[in-house]
Amino acid sequence: MCGIVGYIGNKQAVEVLTDGLAKLEYRGYDSAGVAILNDNDIEVRKFKGRLSVLSQDLERNNIHGNVGIGHTRWATHGEPSDINSHPHWNQSCSIAIVHNGIIENYMDIKEDLLQKGYKFTSDTDTEVVCHLLNEYYEGDLVGAVKKTVSKLEGAYALSVMSRDNPDELVAVRMTSPLIIGIGEEENFIASDIPAILKYTKNVYILNDGEMALVKKDGIELMTVNGTPISKEVFTVDWDVEAAEKGGYDHFMIKEIHEQPKAIKETLSPRLKKDKTIKLDDINLTKENIENFNKVYIVACGTAYHAGLLGKVLIEKFVKIPVIVDIASEFRYGNPFIDDKTLIIVVSQSGETIDTFEALRLGKRKGARIMAVTNVVGSSIAREAHDVLYTWAGPEIAVASTKAYTTQMASLALIALDMAVKTDAISQPEYNKAIEEIEQLSSKVAEILEDLDLVKDLALDIYQAEDVFFIGRGVDYDVAREGSLKLKEISYIHSEAIQAGELKHGTLALIEKDTPVIALATQDRLYDKMLSNIKEVKARRAYVIAIAKKGNKEIEKSADKVIYIPDVMDELSPILSVIPLQLLSYYVAKERDCDIDKPRNLAKSVTVE
Ligand code: F6R
C-alpha cells in the first residue's frame, strides 16, 4: 500500500526521502515521487514504476533542498501513471501533498471545485485536497489544512508542504497510519517506522483526528480542530538490521528461517517455569470469560487462516463456540455482537483497515476486543481492550510467514489461558499441551535443517498451471494457507479443498500429473485422508504428501512424502505449514517471480 515520508532539517531531502521510500517498497507500490522545496519553488518529480526510475531522474536533475515529501503509490483511484502518482499540487504549485487512504466524498468536492473553475489533471481522489487547500489558504498552512480536512470523509494520512511556509510541514491522520520522527535539528513524517529508523528511534504516533506542525527545530501536536495535545514519545525497540536481508536472497526466505526464533520469543516470556501462562496485556478474569457465550475471530488473509486454528483450540480447550470470519464480510454482515461476545482480531500489521473497522464495530456494540498483532503502537493494538503481541520482529516480505506461525502460537496460549482460568481443561491435558508448545520452536528448526527435498519438489511442479491442496480438519486450514502462499508469490492457480469434498466436484479437474499436495498429519483422520490420496492417485495425479515422521505406509500411496516431527494433532499446523512456505518460495524462485513484492499486492492493506 502507499507509503509516505517527509523531511525537514539540514540534510538533502532527496536522500532522506528516497532512502525512506526504499524502506517502504515492501508495502507494495506502482509509482513513486517526491516534492522538494528548491530555491523557493516546489520541484515535483514523480514516475510510474519502480523507485529506481525516480532515483535515476533525481540523480540526473540534481535537485537540492532541505524540505520535502515523498510517496510510493498503490493505485486505487486512477491507473498507475506519472500523472496519477503523488505528490499532487495546486494550480500554482505553491502547495504539494502526498496522501495515503481514500477520500470517499471526493466526487462531491470535485463537482464544487469544478464549478469554481478549478482544473483537474489526474484521476485521483487526492487532487481535490490540493485544490481545497488552495481555496482555504490565506498564509496559514495549519489553518488551511484544518479547514480542508473538515470537508473530507474517508480514511487518510496527509503530508502537506507550502512554498510560502518554507519552515513547515503539516501531517494529519484519519484512520491511515502516520508517525512523526523526532530528530535533532531535523524531524520526519512517515507512514511506517522502517522509513525513518535509520535516523531516529523516537516517534510520536498520531491518532485519528490528530495533526502535527513539523518544523526543523520543533513539533507541535494538535487535534484537527487546533486544540494542542501532548503525547508520549514512543521508542522503537528494533533496529535497522532487523529490517534488512542479512545475506538471504529475499526477505521471505529470511523470515521463514526466523520462525524458530520468532516462535520462541513469542512463547517463552509467557510460559513460566512452573508451567503457568502469563499473558502480559490480557486482563481477562474467570468472570469475564464465563460471561462470554461466543467468540468471534476476525481477520484477513493469512491472519484469518491463523484464526481458523484459534477456533479449533478454543473450542477444544475452553469449550466456547467460536466463529471465524473474514473482516470485510464481518463488517457488512449481521454478526451477533453484544457484551457477552469476545472478539479476537488477528493482524500482523495492526493496520489492516477491514480488521480495524471490524474491531471498532465490535467495540461500539459492547464486545470485549482482544488483539493479536505484531506491531506495537499500531492502530489495532491501541484500540483493543487487550493485546497479545507476536514477537516475530518486522515482517517485510508481502507474503506472511513468521507472523502466521506466531499468530497460531499466540492463539494456543490464549486458548490455554482461558481454559485454565475457567477450569475447562484437566491438568494432564494442560500439561501435555504445554509440553508440546514448548517443543514447537525446535521442531520448526528441525524441518528447516534439510531443504533438499523441497527444492527438488519445486522443480517437479514449478511449470504446473494448477495445484490442488487437500486436507481434513486443521490440515485443511493449513492447505488453505499453502494454497494462498503458492498463488500469491508464484502466480500459479491453486485451490485448497476439504479432502472429503473432492468427489463432490473438484475431482473432475484432477488428471494425469496434476500436482496435489495432500496434508495427512491428523492421526484421527489419517485413514480417511489416505482414501482421498488414493482417489486422486487413481486419476494419475502427482501427489506430494505431508505426514508425521515414522509414517512409512503413506509412501506406498503418495509419489513423494515430506515428513514433519511428531506433534499433537491440533498444533501440527505450526509445523506442517513450513514445507508449504518453502515449496512456494522455491517454486516462485524457479519462475523468477518478484518474491518479496508480488504483483498487485501490498503488505499493509490500509484501504478497503
Ligand atoms: C498473505 C498475507 C495477507 C495478510 C493480510 C492481513 O501472505 O500476508 O493475506 O495476512 O493482508 O494482514 P495483517 O495480518 O497485517 O492484518
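Predicted model: local features only at pLDDT ≥ 70, side-chain atom pairs only at ≥ 80, totals over all residues.
The antiparallel sheet is open and consists of six strands, which follow one another in the order β5-β6-β7-β8-β12-β13. Strands β5 and β13, the latter spanning residues 218–223, stand at the edges and have a single partner strand each, so that one side of each is left without a neighbour in the sheet. Within this arrangement, β8 (residues 169–174) and β12 (residues 210–215) are paired in the antiparallel sense over five bridges, and Val-172 stands opposite Met-211 of β12.

A parallel pairing is found in an open sheet of five strands, for which the order is β21-β20-β22-β23-β24. Its edge strands are β21, covering residues 493–498, and β24, covering residues 560–564, each of which pairs on one side only; from one strand to the next, the twist averages 20°. The pairing of β23 (residues 542–548) with β24 is parallel and extends over five bridges, with Ile-544 placed opposite Lys-560 in β24.

In the loop between β4 (67–73) and β5 (88–89), where Pro-87 is found, a cis peptide bond joins His-86 to Pro-87, with omega at about 0°.

With regard to charged side chains, a search of the whole structure finds 39 salt bridges. One of these is formed by the side chains of Lys-11 and Glu-186, with an N to O distance of 2.9 Å. This pair links distant parts of the chain, given that Lys-11 belongs to the loop between β1 (3–8) and α1 (13–24), whereas Glu-186 belongs to the loop between β9 (179–182) and β10 (187–190), and that the two residues are 175 residues apart.

A patch of negative charge is also present on the surface, where Glu-104, Asp-108, Glu-111, Asp-112 and Glu-153 gather. Of these residues, Glu-153 lies in the loop that runs between α5 (141–149) and β7 (154–162), and β7 is itself one of the strands of the antiparallel sheet, in which β6 and β8 stand on either side of β7 in the strand order.

Key:
Residues numbered from 1 in each chain as written. Heavy atoms only, no water. Pairing = 2+ DSSP bridges. Helix = DSSP H or I, 4+ residues; strand = E, 2+ residues; numbered from the N terminus. Axes fitted to C-alpha atoms, helices over the stretch in contact; angles between N-to-C directions. Patch = residues over 30% accessible without salt bridge, like charges linked within 9 Å, V, L, I, M, F, W, Y side chains within 5 Å. Areas by Shrake-Rupley, 256 points an atom, 1.4 Å probe, with all protein chains shown as cover. Salt bridge = Lys/Arg side-chain N within 4 Å of Asp/Glu carboxyl O. Lys, Arg positive; Asp, Glu negative; His and termini not counted. Charge placed at Lys NZ, Arg CZ, Asp CG, Glu CD.
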